[in-house]
Amino acid sequence: MGIIDAEAIGFSYDGGVPALDGVSLTIREGEFLAIVGNNGSGKSTLARHFNALLPCDSGSLRVAGLDAADGANLWAVRKACGMVFQNPDNQFVSSVAGEDVAFGLQNFDFPDGEIPARVAAALDLVHLPGFEERDPHTRSGGQKQRLAIAGVLAVEPDIVVFDEATAMLDPEGRQQVLQLVGELHQRGTTVVMITHYIEEAVGADRVAVMDAGRLLACGAPQAVLTDRGLMEQARLEPPLATRLCWELEDMFPVKQHAGDGGGEERDEAAERGGAMERVPRETSGGRAAAETGAGLPAERLAAPLPLTDEGLVDWVCR
Ligand SMILES: Nc1ncnc2c1ncn2[C@@H]1O[C@H](COP(=O)(O)OP(=O)(O)OP(=O)(O)O)[C@@H](O)[C@H]1O
Ligand SMILES: [Mg+2]
């Protein structure tokens, strides 16, 4: 059993087109799961179910061992699964950071005596120690989002869902939040990261791909993000490094050993042991390469496609 177990959950807003259509997904305790998908594919709707903000129309959902459909579990589910949203400004309830971080604790009925220490510990966790008296609204975007995260962490949830939490931040703020996400995961918290930045999914344990309310795939980033058919079906762009390699493979088809079907069409390079093994797409570059006998070494195909800049350099220089 996972920390989140979704079994064929379905949901539609106002009885319209399904926003979730039979989604089954198990998220393991301590896992870092990224969820990617186009606009309107159902990512936020799924996340709102994890936090009991929305009830399933069909199927079943267990969060931290609790039946999310049982109204009696509503607050326990919300306590177990914290949410961080896109716009930090919409998440503040007070112009005093300490009061803001304390708000969630009060909502969840933590004893008054525990609250100051929990607020201080949460501010430490987001690297804003001693910020209790500051006004969140006057902080930078990255600091605002970290304060919002402190409010979630103060409650010590088992799971934290980040719904595009870096989308409105400048590069520095984004980096700060991503670092926090990594630290949270390192400490054993289950992290669900919804993102439009495909690069943010590369470091996840698994990536779930959503499209039109359905879960198309869920697996290791290496398998999911380099699956060309899947990425095309979901209308997603894989990391730049992966895309570049696809283009290179298209332009310079890989050679294969003579006798592997080259036949009459074997060229000089094939005689040396390297006729075309795969021509994924008929591009002018590919044709030119085939005609001239140019091509990528066959072992390139066996190598996993890179997801990062470093991986790309390694792949090209192999
Ligand atoms: N409050 C709402 N009322 C009615 N329909 C909604 C509501 N919120 C979302 N929807 C619809 O539900 C579907 C899924 O939306 P959702 O917001 O979950 O997608 P998303 O993957 O999070 O998209 P985005 O990347 O734009 O945030 C869409 O068709 C959307 O229009
Ligand atoms: Mg969304």
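This is a predicted model: local features need pLDDT of at least 70, side-chain atom pairs count only at pLDDT 80 or more; totals for chains, interfaces and linings use all residues.

User: What is the phi of His127?

Analyst: It is positive, about 60°, although His127 is not a glycine. Most residues other than glycine have a negative phi.

User: Is His127 buried, exposed or partly exposed?

Analyst: Partly exposed, because His127 has 14 C-beta neighbours inside 10 Å.

User: Switching topic. Which residues are around ligand 1?

Analyst: Tyr13, Ala19, Gly37, Asn39, Gly40, Ser41, Gly42, Lys43, Ser44 and Thr45. By class, that shell has 2 nonpolar, 7 polar and 1 charged residues.

User: Which helix gives the most to the shell?

Analyst: Helix α1 (residues 43-50), with 3 residues.

User: Now α10. Which residues are buried there?

Analyst: Ala241, Thr242, Cys245 and Glu249. They sit on the same side of α10, because they cover an arc of only 100° around the axis.

User: How far does α10 reach?

Analyst: Helix α10 (residues 240-251) reaches 16 Å from its first C-alpha to its last, close to the 16 Å expected.

User: Last one: how far is Asp170 from Gly141?

Analyst: They are 29 residues apart in sequence and 7.3 Å apart in space, C-alpha to C-alpha. Asp170 is in the loop between β7 (159-163) and α6 (171-186). Asp170 counts as exposed, because 12 other C-beta atoms lie within 10 Å.

Methods: Residues are numbered from 1 along each chain as its sequence is written. Chains are lettered from A and ligands numbered from 1 in the order in which they are written. A residue is near a molecule or strand if its C-beta atom, placed from the backbone, lies within 6 Å of it. Helices (H or I, at least four residues) and strands (E, at least two) are DSSP runs, numbered from the N terminus. Ala, Val, Leu, Ile, Met, Phe, Trp, Tyr, Cys and Pro count as nonpolar, Asp, Glu, Lys and Arg as charged, and the others, Gly among them, as polar. The expected span of a helix is 1.5 Å times one less than its number of residues. A residue is buried if 20 or more other C-beta atoms lie within 10 Å of its own, exposed if 12 or fewer, and partly exposed in between; C-beta atoms are placed from the backbone. The arc is that of the directions from the helix axis to the C-beta atoms.
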